[in-house]
Every structure is written in C-alpha cells, then in structure tokens.
Amino acid sequence: MARHKVEICGVNTANIKVLTNDEMVNLFRKYQNGDKFAKEELINGNLKLVLSILKKYNNRTDNMDDLFQVGCVGLIKAIDNFDLSHEVKFSTYAVPMILGEVKRYLRDNNSVRIARSIKDIAYKALKVKEELTNELGREPTVNLIAKKLQLPVYDVSNALDSMKDTISMFEPIYNDGGDTIYLADQLSDKKDEYYDKDIRISLNSAIQNLRDKEKYILMQRYIFGKTQMELSDELGISQAQISRLEKSGLSNLKRMIS
C-alpha cells in the first residue's frame, strides 16, 4: 500500500518510525540512565501516537501545525514522567497527557470568550471530577461534583458546558450508511415556532402512546442530542438495537399523526 506524504511542522508523516515495545523499553532504560539521544528517539518514535490523537480535530479551523506542536509537548511530558516499574504500556500512559495538552490549548484559545469566574468554577469542577472518578471508579454526576464544591448544580453544569469545544453547524453527527445528519438539522427554526397547534397536540399524544423504550430513545436522540452509541452504553443493548427502536418509534409516530 502506498504511503501518502503529509507535512506537519516539516515532518514527513509517511516516514515516521514506529517503535516496538522492546525498543521502547530499551530506550527508556537508556534515557533514564542519562542518555539524551534516547529521548530524541523516543520522541521521534511516538509522533504517530500524537497524529492519531489529532485525527479527531481534522475538521477544526485551528492550524494543525500548532496542534501537533502542542501534542508533542504532551508527549515529551509523558516521556519525562513515565515509570517502567508500573508495567503499563507507554501509549496508555501518554494518551491522556497528550490529549490534556491539546484540550487545554483549545480551551485557552477558544474564539468564544468565557468569563474568568465561570472558567474558575470549570477548572475546580474538572479537578473534583478527576478526584471522584479515581475514588469511585466511575465518572461522577454533575450533582455529586456540585455537592463537593458546595455550589448550585446549574452553575457547575453551565461552567463545564462552557469549556466544551465549539463546532460547526455543518458538523456531521450521525450517519447510518445513508443520508448524513448534520447539527444544523437538529437546530430549531424560528419560523416553525407557531406551527398549527393541532399538530403539536397530535404529536404530543402520539409520543405518549409509544412504547417506553421507543419514547425514551427518541427523546434522548432528538431533544437531548445523544448519540446511538451513548444510548447503547447507557441502556446496555447494542447500537443496532438502538437503531431499530429509533426507526420503529419514528415509524409509529408517523402512523399515529398521519
């Protein structure tokens, strides 16, 4: 298979070497014994790890060269702090550090200006979230984070939301192999706010007559914007089952209001 040349920060990504696990271990031993050249080899041998993390940001308008450099900062921090005695793969240790640097850069350079007071709450909430995740072995709810911070749930939720990346209205959010659904497709249109009350009444009545699972999935998908994968994890059933229930729910709605 031909390798395509892509230049990022002057690096030809087609020629990046990928280290084996044994090579990685040997280089870490050399570096931790004072061999500075080993560190350079470790950096060059893990650049593809940085690139793999940056793939999810391909649709952003940010300069990819900048993001790549920021990712490399995270990589270097991971190399400096990695401990072989923990018997954990380097990639497992490095990915959160690289991702953390990239997300921090994006937050600090967000085109939407966030009030300092809201940012302060968000940073405190993120710290508490990490502490509770380690303590509980699962991701804590916003209610639990707010209780720990002794702040209103709304303030914490609003602060955490403010730190999320902005995305394009034409960002694809779902594709089942057919037509792609874009974020713009789920935004309300002001001209439709005053459509026939009879239709709204019929739709509300039809929704109440759906099976509980169909109703829940449609509400979560089209009102709260959850993905099929998120619902699959939440309900403990396959994504294919979520898709079938969503389609049957929509079909039943159309039948009841037609």
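How many salt bridges does a search of the whole structure find? Seven. By salt bridge I mean a side-chain nitrogen of Lys or Arg within 4 Å of a carboxyl oxygen of Asp or Glu.

Before we go on, some housekeeping. This is a predicted model, where local features need pLDDT of at least 70 and side-chain atom pairs count only at pLDDT 80 or more, while totals for chains, interfaces and linings use all residues. Residues are numbered from 1 along each chain as its sequence is written, and side-chain values use heavy atoms, with hydrogens and water left out.

Okay, let's look at Lys-77 and Glu-101. Their side chains meet in a salt bridge at 2.7 Å, N to O. The pair ties together distant parts of the chain, 24 residues apart: Lys-77 sits in helix H4 (residues 64-81) and Glu-101 in helix H5. Helices here are DSSP runs of H or I, at least four residues, numbered from the N terminus.

So, are these two buried or exposed? Buried means under 20% relative accessible area, exposed over 50%, and partly exposed in between, using a 1.4 Å probe and protein chains only. Lys-77, at 37%, is partly exposed, whereas Glu-101, at 14%, is buried.

Next up, Lys-129 and Glu-139. In this salt bridge the closest N and O atoms are 3.6 Å apart. Lys-129 is partly exposed at 26%, but Glu-139 is exposed at 57%.

Last pair: Glu-234 and Lys-226 meet at 2.8 Å, N to O. Both fall in the middle class, with Glu-234 partly exposed at 39% and Lys-226 partly exposed at 25%. And back to our opening pair: shared partners join Lys-77, Glu-101 and Arg-104 into one salt-bridge network.

How values were computed:
Helix = DSSP H or I, 4+ residues; strand = E, 2+ residues; numbered from the N terminus.
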